[in-house]
Amino acid sequence: MRVLVVGATGFIGQRLVRALNDAGHDVVAFSRSASEESFPDGVEPFEGDLGDPDSLDGLCDDIDVAYYLIHSLTSENFAELDRRYARRFADLASAAGVDRVVYLSGISGDEENLSPHLASRREVESVLAEGSFDLTVLRAAVIIGPESASFRIVNDLTDRLPLMLVPKWVRTPCQPIGVDDAISYLVALLDADETRGETYDIGGPSVWSYESLLKLTAAEKGKRVFIIPVPVMTPGLSSHWLRFTTDVQYAIARPLAESMRNPVTVDPAMDLQDVVPIDQTPIKDAVRRSLMAS
């Protein structure tokens, strides 16, 4: 297939481009900094900006499937930008006759009282669903990988705070997934026609909490951490606390911290593993690989 990856230089995008290229697809890699040097041989770079319509001419020409990986967390008005970019892309893809679009979204558990970050992900799903293509949505929780903002926060905390007075969300259940598994799902669904027009959750083989992830990560580094949840620390205070405890850009850390109040586990009725089975990576192995690559 001729496959377009929108957001090709990001944490997921770079890996997805390589995996699709290795699988024999003709890959077009779109980002604001796309260049031949950024990608493997045979990948076609397309430099452009969804904020600049003049830079998008021909983006979706002759494309069979597009992966949409754009998230604008670094901007204060990220929800507005994500809405605008998704609508612009949906119009381009529809006009060009793109057959399928795949969007990587976020698990939110309870669909009420969503954080701004997760609410924006849901809105983008709705905007893309208005296109004339078949949309497949994959929802993930924490993705374990060396460049993952969520995992970098966990890693930084275990480096800097042997004793943590932390927000109560530290015990919120989550179902992380190793980045290699996320990529495997994204590539494998191309061969599963029944995934057209559907929404799925993806996760690893076990449920954790942020507290247990912190302890696991520390143990993998030969450290111990002592964690004391503080019930009075609000999501807003949590985000300011992270400003001083992680190198992750504050504009990214803040919406992620606000999202941690939502349980993010795979709904058994929506589990992609039942449709596209892969050999799932234990989270302990995913954490170890990420630390080795950091």
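Okay, let's start in the middle of the thing: the largest nonpolar core has 36 residues, and the ones touching the most other members are Val 5, Ile 12, Leu 16, Leu 20, Tyr 67, Leu 138 and Ile 202. Bear in mind that this is a predicted model.

The largest share is from H5, with 6 residues.

Let me zoom in on Leu 138. What does Leu 138 contact, if we skip its neighbours within four places in sequence? The list runs Tyr 103, Leu 104, Ser 105, then Tyr 185, Leu 186 and Leu 189, then Tyr 200 and Ile 202, and finally Leu 272. Ile 202, you'll remember, is also on that list of residues touching the most other core members.

As a general point, nonpolar side chains in soluble globular proteins tend to be buried together.

Arg 2 and Glu 44 pair up at 3.2 Å, N to O. Those two are 42 residues apart, with Arg 2 in strand S1 (residues 2–6) and Glu 44 in strand S3 (residues 44–47), so here we have a link between distant parts of the chain.

Next, Glu 220 and Arg 288, which form a salt bridge at 3.0 Å, N to O. Glu 220 is in helix H6 (residues 210–220) and Arg 288 is in helix H9 (residues 283–293), so this pair ties together parts 68 residues apart in sequence. Glu 220 counts as partly exposed, at 24% relative accessibility, and Arg 288 does as well, at 33%.

Arg 288 has another partner, by the way: Asp 285, at 3.5 Å, N to O. That one stays inside helix H9, with the two residues 3 apart, about one turn of the helix. Asp 285 is partly exposed, with a relative accessible area of 27%.

Last one from me: Asp 99, Asp 134, Asp 193 and Arg 196 are joined in a network of salt bridges.

Conventions
Residues numbered from 1 in each chain as written. Predicted model: local features only at pLDDT ≥ 70, side-chain atom pairs only at ≥ 80, totals over all residues. Heavy atoms only, no water. Salt bridge = Lys/Arg side-chain N within 4 Å of Asp/Glu carboxyl O. Helix = DSSP H or I, 4+ residues; strand = E, 2+ residues; numbered from the N terminus. Buried < 20%, exposed > 50% of the residue type's maximum accessible area, 1.4 Å probe, protein only. Core = buried A, V, L, I, M, F, W, Y, C linked by side-chain atoms within 4.5 Å. Contact = heavy atoms within 4.5 Å.
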